[in-house]
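Let's walk through this model together, starting with charged side chains and ending with a helix. Keep the structure open beside you as you read.

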Amino acid sequence: MPSDKLWAGRSQKATSAEADDFNSSLHFDRRLYKYDIAGSTAHAEMLLKQGIISSSDAAAIKDGLKTILDDINSGALTFDNGGEDIHMFIESELTARIGEAGKKLHTARSRNDQVALDIRMYLRDECREIDALICTLIAALADKAEEHAETVMPGYTHLQRAQPITFGHQLLAYAMMLCRDRSRLSDAVKRMNYSPLGCCALAGTTYPIDREFTAEKLGFDGVCLNSLDGVSDRDYAVEIASALSICMMHLSRLAEEMILWSSWEFSFIELDDAYTTGSSIMPQKKNSDMAELVRGKTGRVYGDLTALLTMLKGLPLAYNKDMQEDKEAIFDAVDTTKKCLSIFAPMISTMKVKKENMYRAAKKGFINATDCADYLVGKGMAFRSAYKITGELVAYCIDNDTTLDMLPIDVYKSKSELFDDGIYDAIKLENCIARRGSVGGCGKASIDAQLEFVRKNISG
């Protein structure tokens, strides 16, 4: 039985139905249709410019591609699940509509450079959308940070109360991470933005094509300079998946803190009802399921990155069918990250901050102990000696169920005559924070500078 495949000729019999289904990628690469059509349109224009096809054939091809695009967008044309991939689906549809001219579109082109082109164009657009979502989240964090620039909370190391900071300072740490995520994605797109169109199967072509023409038409910064590399390179997919994995790691860390903060044990925040769920059996529960899902979906994006790296690690040049597996992994990484970013910004904007609980927690745990030691250093004592004395005072407080700010002055003086009533001002939480005026610290001037930085980052 002869094959009706566009690549038919060499084979003497048709592939089995099971093999066709196994081989087909149309059910997932169909999302590339508008990029495939854009690339094909530019390719047809180049073929005309170079005198490879006639003006009438070029006009028929361009008109046919436009009607296909319009019909897919309107729903008039649905995807045939029997198709091998989006490229052959569109070419077959084009030939069915315009006849012999449609068969000329693939001149000086291969599916190898065609798919590489489509993926680059798709990821370029998706990265723009992801960047916009990151900017929205940074803006939400900045607004909440400004609102709570002076809201005292305990800062933690090893999940133990460490030193006093502000909630605004804590949130801006995540804004800084997301600014770096923007930079990573931008760098990846810059390296990706070179056109593989014209690399053909692997060795280029004998036709007098103009690759720079199509590259400029499609918004690329140049062309891939090695045809083998052009069709077999998927570094950009790995790099973008890596950048998305790092971004998801940042979201997961913030999600984990929000889960902790919203627990009864912390009770620092309350998430809005719109971003929580309840229990089917325990009526008192208010679960931070959206944050938990972000934390869980982070592993999914990590898996996509691992899939891409593993798929590529043993491939000889140039194109291999293994590379069809790049799409579902990078599509899933993109889709998952976009969903998580979309849910996170409003979750931040609508959360209620429980200032009083944060302050009460900051009053405990002796997080002003460093400032107590620094007070003695300011009086001329060596830091290590001041550290030891302060540790003894903390031990005294624990034994007597009190805090440093509640200790009588005579207890302080029993440890060192350098103490005077100024110690109480030195260890007041608000003063501890205000004195941390170093660049990047939690003092008000530093918070203002950080806010200016992140807002400038997302406005440029």
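Glu84, Asp85, Arg111 and Lys321 are linked in a network of salt bridges, a salt bridge being a side-chain nitrogen of Lys or Arg within 4 Å of a carboxyl oxygen of Asp or Glu. This is a predicted model, where local features need pLDDT of at least 70, side-chain atom pairs count only at pLDDT 80 or more, and totals for chains, interfaces and linings use all residues. Residues are numbered from 1 along each chain as its sequence is written, and side-chain values use heavy atoms, leaving out hydrogens and water.

The structure holds 36 salt bridges. One of them joins lysine 49 to aspartate 210, with the closest N and O atoms 2.8 Å apart. Lysine 49 sits in helix H3 (residues 33–49) and aspartate 210 in the loop between H7 and H8, so the pair ties together parts 161 residues apart in sequence. Helices here are DSSP runs (H or I, at least four residues), numbered from the N terminus. Aspartate 210 is buried at 19% relative accessibility, whereas lysine 49 is partly exposed at 44%; buried means under 20% relative accessible area, exposed over 50%, and partly exposed in between (1.4 Å probe, protein chains only).

Glutamate 239 also forms a salt bridge, with arginine 191, at 2.3 Å between the closest N and O atoms. This pair links helix H10 to helix H7, across 48 residues.

Now turn to helix H11. Which residues of H11 are buried? They are Met290, Ala291, Val294, Thr298, Val301, Asp304, Leu305, Leu308 and Met311. These buried residues pack against helix H10 (235–261) and helix H12 (326–350), where contact means heavy atoms within 4.5 Å.

Technical notes
Helix = DSSP H or I, 4+ residues; strand = E, 2+ residues; numbered from the N terminus.
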